[in-house]
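Hello,

Here is the structure I promised to pass on. Please open it first, then read my notes below.

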Amino acid sequence: MLRNHNVVATTMRRADATPHAASLIEGLRDIGYSLETALCDIIDNSITAGATRIQVLTETSCDDPWIAVIDDGLGMSEDELIAAMRPGSRNPLEPRSGADLGRFGLGLKSASFSQCRRLTVITRKNGTTSSAIWDIDDVAERNDWSVQLPLDVSEIPAVEELGPAGTLVLWQKLDRLSGGLSSNAAKLAEVMNRRIADSERHLRLVFHRFMEGPKPLHLELNGRTLQPLDPFARKNPATIADPEEHMSLPNGDMQVQSFTLPHHRQMSKADWDDIGGPEGHLKSQGFYIYREKRLILHGTWCGLCRQSELTKLSRVRIDITNSMDADWKIDVKKSSAQLPPLVRDRLRKVIERIQDGSKRTYRKQGQKLVDQARMPMWNRIQEKGQIRYQPNVDHPAFATFAENLPPEYRRGFLNCIALVGASLPLETLHMDMSSVAEQIAPQQLDEDTLAQAVQAMLSSPALAGKGIQEITLLMKDVDPFRSSWADTQRLIETSSSGEPNP
Ligand SMILES: Nc1ncnc2c1ncn2[C@@H]1O[C@H](COP(=O)(O)OP(=O)(O)O)[C@@H](O)[C@H]1O
Ligand SMILES: [Mg+2]
């Protein structure tokens, strides 16, 4: 039977349960913001207000350190400012205009209180300057929600940076950022500066799409214009971009595009490190979800698959609109989202396609390895559900040498080779491949060793009948020749032109 709420309502009493200002404002602090997610929420507001230049300024070496975000956006009238200072200034269920990065009417307050105990907003619109202050200690003392409206703003830090229109958001009493180090001023400044520097990459990543393009947003940190950080390295010609796909969902359209980053050898080390970030490429693969072009979630497959070495270079861009917030369960911090069931099924297919593609490349390389015509030094043998790597004793470099040995040493030599094969440090190799794969490099051979291997290839009975060009082509794809190709080529030339080896 359906319950009739109105009937119940007539049979009950009511009591006042207005939130306790002091405890609610303290509670607002702990919804899980970090310095960078809090800064992003303030910057979101500036972008929504149409700002083209946003400065983040910090002062950590004075008695009362502060952080300010100053924009040249539309600004607010005093009424608008007071409304903006109200926690829950807008109903999250209200539709938002296309460019609006906000949602809950909470960000300005909750993001600020997560980092500081005193929030000052000074804003200028149509030549009028208005200001308001929330000070948690003041709220706690008075235990009511009355915002302070200062009469004189001239002494407030960074106010001189405000232009003809725009808004300054100032954080003071940075108790969270100082991490309980209040006694030692120098140490405190150092800790804060490091935390601020660590946020830089996040800002460059989250807002990169606003900072690119014909009318770029200028985002500055302490006077320095930040460069956009494109997680798909689209400027690099070796990046592979799949075609963009569209998906119509009940509350808006979603766009999906898969990218494969270039191999680390096709990128400068600086770019590779920048795009991989402090956690590295393995942990940075996955979906990059943008809401109105603002990155909200990245470097995760959202539980659809594991972050594996196979898909390390895959990143999938997903674009959603702010009309889909409820379906995606966008949280107040705009730093998490959940895939709606329809989307999950679709993205699972995208992942399968990526995995198939990577497996094919991997298998192709695997096949190369066992392709007898190419004479690999190692064989990859797959049988009875197992994969083994074994030195290829038929390789000319081994075979020729073994044949030239007196018979009593020949067996010992082949035993040594077998031992090397059986003691391949598989676990360490696996660990390195899954954490620092790009640092693993084949050992550079000295001239003598390489020359011996080249000579063995050229004079090998197994390759008799093949022309020098054909043999050269075979060698090009296999180590040790591949990784020392310039030297190998030179050795082939000197040897085939009949000159003695150096
Ligand atoms: N930098 C700014 N410039 C102009 N208006 C702002 C700015 N920051 C905040 N506001 C106003 O304050 C309101 C409340 O902001 P906020 O608490 O972040 O909630 P939301 O962004 O979800 O609306 C915004 O909707 C906007 O009207
Ligand atoms: Mg906001």
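Predicted model: local features only at pLDDT ≥ 70, side-chain atom pairs only at ≥ 80, totals over all residues.

Residues are numbered from 1 along each chain as its sequence is written, chains are lettered from A and ligands numbered from 1 in the order written, and side-chain values use heavy atoms, without hydrogens and water.

**Cores.** A nonpolar core is a set of buried Ala, Val, Leu, Ile, Met, Phe, Trp, Tyr and Cys residues joined through side-chain atoms within 4.5 Å. Buried means under 20% relative accessible area, exposed over 50%, partly exposed in between (1.4 Å probe, protein chains only). The largest core has 48 residues; Ile43, Ile67, Leu119, Trp171 and Phe207 touch the most other members. Helix H3 (residues 35-48) gives the largest share, seven residues. Helices (H or I, at least four residues) and strands (E, at least two) are DSSP runs, numbered from the N terminus. A separate core of 25 residues includes Ile296 and Trp301.

**Strand E13.** All seven of the seven residues in E13 (314-320) are buried. Ser314, Val316, Ile318 and Ile320 point one way, and Arg315, Arg317 and Asp319 the other. Strand E10 (252-260) runs antiparallel to E13, joined by six bridges. Strand E11 (286-291) pairs with E13 in the parallel sense, also over six bridges. Pairing needs at least two DSSP bridges.

**Surface.** Ile440 lies in the loop between helices H15 (426-436) and H16 (447-458). Ile440 counts as partly exposed because its relative accessibility is 31%.

Best wishes
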